[in-house]
Amino acid sequence: MSVQSSQRARHGVLDRYFHISERGSSIGREVRGGLATFLAMSYIIVLNPLIIGAAADSTGHYLGGGTEPNLPAVAAATSLISGLMTILMGVVGKFPMAVSSSLGLSAFITYGIVVLPGMTWADAMGLVVIEGFILLILVLTGFRQAIFNAVPAPLKNAISVGIGLFIALIGMMNAGFIQNSGGVGLELGVGGFLFGWPLLIFLVALFALFVMWAAKVRGAILYSIIGASVLALTVEAVFRVGPQVGADGEENPYGWGLSVPTLDQNWFTLPDLSLIGEFNLLGSWQNIGIIAASLAIFTLLLANFFDLLGTMVGVSNAGGIKDASGEIPYSRRIMISDAVGTMGGGLGSTSVNSGFIESTVGVGDGARTGLANVVTGVLFLATIVLAPLAAVIPTEAASATLVLVGFLMMQQITRIDWTDVEIAIPAFMTVVMMPFSYSITNGIGAGFITFVGIKLLRGKAREVHPLMYVTAVLFILYFVSGPIQEALGVS
């Protein structure tokens with residue numbers, strides 16, 4: 001068999017398994033999209049350790065049980081679990097949605113769970129494993145899929161629009177284009193003005209991306225990230241901008257955000273995988289009690305449950321990935337992979353792992369199948385021993401892609417009938433609550449509760465799927481879970 005025939009045979013197997021041609025893609029586009037997704041979310045390797053690795057639990061110990069932070073171990077574990085779970089999602093779910101540590105839930109675990117008296121990091125990771133197992137049961141019994149199908153189509157579109165605004169805001173804030181003023185809320189740049197090399201890199205990348213996208217340049221997103229990274233490396237080499245917070249604690253508001261782009265690094269390091277398996281499955285039940293542990297699991301479960309729903313809808317709408325009936329193909333497999341990913345996050349001590357909305361960056365660059373996930377996953381695995389690679393790409397270079405993807409997802413807003421007030425108001429609440437409360441879950445909850453409330457009070461209870469009532473009640477409990485914990489004396 002000739003080399004060309006052999007290549008066609010291999011491509012045929014990949015095409016059939018991942019449905020590449022069926023979804024209007026190609027192997028080249030999948031590889032490019034997978035790389036774009038990795039570049040857009042590689043910041044997680046730097047940021048996740050800073051959230052869960054730099055904070056002590058109630059006993060004064062850090063993740064792994066030591067008395068000092070071990071950020072390299074958290075980074076290595078994040079790369080490993082993200083890589084494995086992303087590949088699993090691609091091979092099993094056949095969906096271009098990368099999986100990694102949820103920053104929102106990582107923050108909740110850090111500041112809301114491990115600080116409970118008697119709680120340890122190992123106990124918290126045990127709760128994550130339990131939560132993932134419950135999610136898996138809900139999927140296997142069909143309950144999770146049933147809830148997904150019970151959501152009205154306009155609300156699904158509103159979720160996509162809200163996520164678009166949310167990730168555009170994330171991109172602008174990651175780049176320092178929009179900042180928290182600490183007083184009146186958000187402001188433009190520093191003190192209301194635009195200044196500094198990192199911000200200039202972001203603006204150049206953003207406008208270059210807009211122009212390339214308008215000109216229908218294939219690979220525009222990837223070119224933007226690579227070009228901006230090269231420009232950032234050059235700027236740092238010449239002007240020595242430095243980080244926003246120096247090693248001596250000195251602040252520089254015009255410095256780089258999460259990572260300083262430089263090639264002056266130790267590129268090859270042996271991975272520290274000591275965090276793998278550092279969890280205590282039932283420790284939380286003994287240390288903080290059944291009620292507190294149950295409420296913690298419930299909060300994790302509900303947030304994870306609907307974060308995936310929103311991310312699935314967002315990725316699907318961004319790429320038009322739907323079957324003949326208009327549903328997301330292999331949705332059951334996607335949910336199973338996500339549940340396994342959650343358990344994997346607990347087993348690997350990297351917090352809850354779930355679908356990443358940054359996957360829409362890869363979808364925007366052509367990814368349509370799980371093959372893109374395989375590419376993204378392999379790149380994550382490579383960073384286990386090549387950890388400095390992630391630090392080379394400053395957030396200012398990658399954030400422009402999130403703004404563009406936000407624009408693309410906003411286009412779903414035309415699918416909502418704004419003249420039908422009974423659905424338009426819930427859709428509006430869904431859209432605005434995501435960026436305003438900085439949470440996908442809060443937006444979905446606000447939309448669901450508003451939809452059910454309006455229908456119920458207008459005497460149209462039969463127009464609401466029974467599962468929507470269940471989820472609305474669960475969201476109400478979710479929103480008041482904090483006061484409930486305080487009333488029960490478990491916060």
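The largest cavity is lined by 15 residues, among which Ala-40, Tyr-43, Pro-394, Thr-395 and Ala-398 lie nearest its centre; on a 1 Å grid over the protein atoms alone, a cavity is a set of points where a 1.4 Å probe fits but cannot get out, a pocket is an open set with protein on both sides within 12 Å along at least five of seven lines, and lining residues have an atom within 4 Å of a point. The model is predicted, with local features needing pLDDT of at least 70 and side-chain atom pairs counting only at pLDDT 80 or more, whereas totals for chains, interfaces and linings use all residues. Residues are numbered from 1 along each chain as its sequence is written, and side-chain values use heavy atoms, with hydrogens and water left out.

Helix H2 (27-41) and H17 each give two or more residues to the lining of the largest cavity, and H17 provides the largest share, four residues; helices (H or I, at least four residues) and strands (E, at least two) are DSSP runs, numbered from the N terminus. The space in the largest cavity is about 110 Å³, a volume being the space filled by probe spheres set on the points, with grid points joined across faces, edges and corners.

The largest pocket has a volume of about 1,300 Å³, and of the 45 residues lining this pocket, Leu-47, Leu-103, Gly-104, Ile-170 and Tyr-438 are the closest to its centre. Elements giving two or more residues to the pocket lining include helix H3 (44-53), helix H8 (153-174), strand E4 (353-355) and helix H17 (395-410).
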